[in-house]
Amino acid sequence: MIDPDTDLVARAGRGDRAAAQALMARHLPKMLTVARRMLGDPAAAEDAVQDAFLKLWTHAARWQPGKAKFETWLYRVTVNKCYDRLRRRGTARLEEAEEVADPALPADSVMENAALAREIEAALATLPERQRAAILLCHNQDCSNIQAAEILQISVEALESLLARGRRTLRARLGHLKDG
Amino acid sequence: MGTADEVLSRAAAADDAAWLDHALKGLPSVPVPAALETRILASFEVVTERRKRGLAGAVDRLAGRLRDAVWPGVPVWRPAAALALSLALGIAAGTVFPLEDMMADGGEQIASIALDAPPAFDLGENS
């Protein structure tokens, strides 16, 4: 399988700014989305993603194609940066996240969608970090189970177990949305 | 083949997965702030600059080691100047007195010694 990013990474490693810009345009939105939903805090998500890209620039010159798909590696770095921040932050954030969901928002459709999104994000925030990462990668980022397992550095069976537990928790929290 | 409960539970799990897929993909996309892009590109410039300086530093260190081996304890320019001067002298000498000219003027000497001739030198054995 040919990795579409190999050439860009090599050029970025040689100091090619245009290649760095192209890599950023291709991957930054996805990494920021994962980080934002892992951390629930825009500023922390931006810092995590910036750290991930800094690691990319530092390693680009030594990148060895064929070892791992570049995107898988970058997701892994981003998710690990998020884990670092979550561990530093402790559990305080979870309590705040639970308070975000407010079912009594105006019935206007835009507001309704925004409220729905907030409720889903709040439910996601209550998941343990590994379950949250697994759910996000598979259900939000379109990663296959194999790719998500590689990103999280676990077996596919372990990933499926994380997914099953995460789905169960979300069903319990968001069941009223599903049934309604 | 599982029991009816297992089949139902698997169907429910598949249904949950499909619903979750739909719900999470429907979440609004996260906009990328321009300031973040600028910061990330700035970090690229910093890393690239540092890497270049790292290469220049490696060349400096190599030059320093060579200088210490040739002429320890002096600035790099001195062994470099000495090398340049000797090269210039060599090239000038080669230009003024080309090797072909010296070979062409019949200046070669051929030594021939008859193997049965008595030695031309006396080490004092007969005295």
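**Entry 1: H2 and H3 of chain A**

I began with a pair of helices: H2(A) passes H3(A) in a right-handed crossing. (Right-handed means that the near helix is turned clockwise from the far one by less than a right angle, left-handed anticlockwise.) This is a predicted model, in which local features need pLDDT of at least 70 and side-chain atom pairs count only at pLDDT 80 or more, while totals for chains, interfaces and linings use all residues. Residues are numbered from 1 along each chain as its sequence is written, and chains are lettered from A and ligands numbered from 1 in the order in which they are written.

I looked up the geometry next: the axes of H2(A) and H3(A) cross at roughly 140° and come within 9 Å. (Axes are lines fitted to C-alpha atoms, for helices over the stretch in contact, and angles run from 0 to 180 degrees between N-to-C directions.) That angle makes H2(A) oblique to H3(A). (Under 35 degrees counts as roughly parallel, over 145 as roughly antiparallel, 65 to 115 as roughly perpendicular, and the rest as oblique.) For the elements themselves, helices (H or I, at least four residues) and strands (E, at least two) are DSSP runs, numbered from the N terminus.

Which residues meet here? I noted A:Met24, A:Leu28 and A:Leu32 among those of H2(A), and A:Ala48, A:Phe53 and A:Trp57 among those of H3(A). (Contact means that C-beta atoms, placed from the backbone, lie within 7 Å.) By class, I have 15 nonpolar, no polar and one charged residues in this contact. (Ala, Val, Leu, Ile, Met, Phe, Trp, Tyr, Cys and Pro count as nonpolar, Asp, Glu, Lys and Arg as charged, and the others, Gly among them, as polar.)

**Entry 2: H2 and H4 of chain A**

I stayed with H2(A), residues 17–39, and turned to H4(A), residues 70–89: their axes are 10 Å apart, at an angle of about 30°. The two helices are therefore roughly parallel to each other, and this crossing is right-handed. From H2(A), A:His27, A:Met31 and A:Val34 are among the residues that meet H4(A), whose own list includes A:Tyr75, A:Val79 and A:Cys82. I read the classes as 10 nonpolar, two polar and two charged residues.

**Entry 3: along H2 itself**

Where does H2(A) bend? I find a bend of about 45° at A:His27, with a proline, A:Pro29, following within four residues. (The bend at a residue is the angle between axes fitted to the seven residues ending there and the seven starting there.) After H2(A) comes A:Gly40, with a positive phi near 70°.

**Entry 4: H4 and H8 of chain A**

Here I have axes that come within 8 Å and cross at roughly 50°, which makes H4(A) oblique to H8(A). The crossing of H4(A) and H8(A) is right-handed. A:Thr72, A:Tyr75, A:Arg76 and A:Val79 of H4(A) make the contact with A:Gln147, A:Glu150, A:Ile151 and A:Leu152 of H8(A).

**Entry 5: chain A against chain B**

I looked up the interface: 26 residues of chain A are in contact with 24 of chain B. H2, H3, H6, H7 and H9 of chain A each give two or more residues to that side, and H2(A) has the largest share, nine residues. I divided the chain A side into 13 nonpolar, seven polar and six charged residues.

**Entry 6: confidence**

Chain A has a mean pLDDT of 85, with 86% of its residues at 70 or more. (pLDDT is the predictor's confidence in each residue, from 0 to 100.) I flagged residues 97–107 of chain A, where pLDDT stays under 50. Chain B has a mean of 77, and 71% of its residues reach 70 or more.

Key. Two residues are in contact if their C-beta atoms, placed from the backbone, lie within 7 Å.
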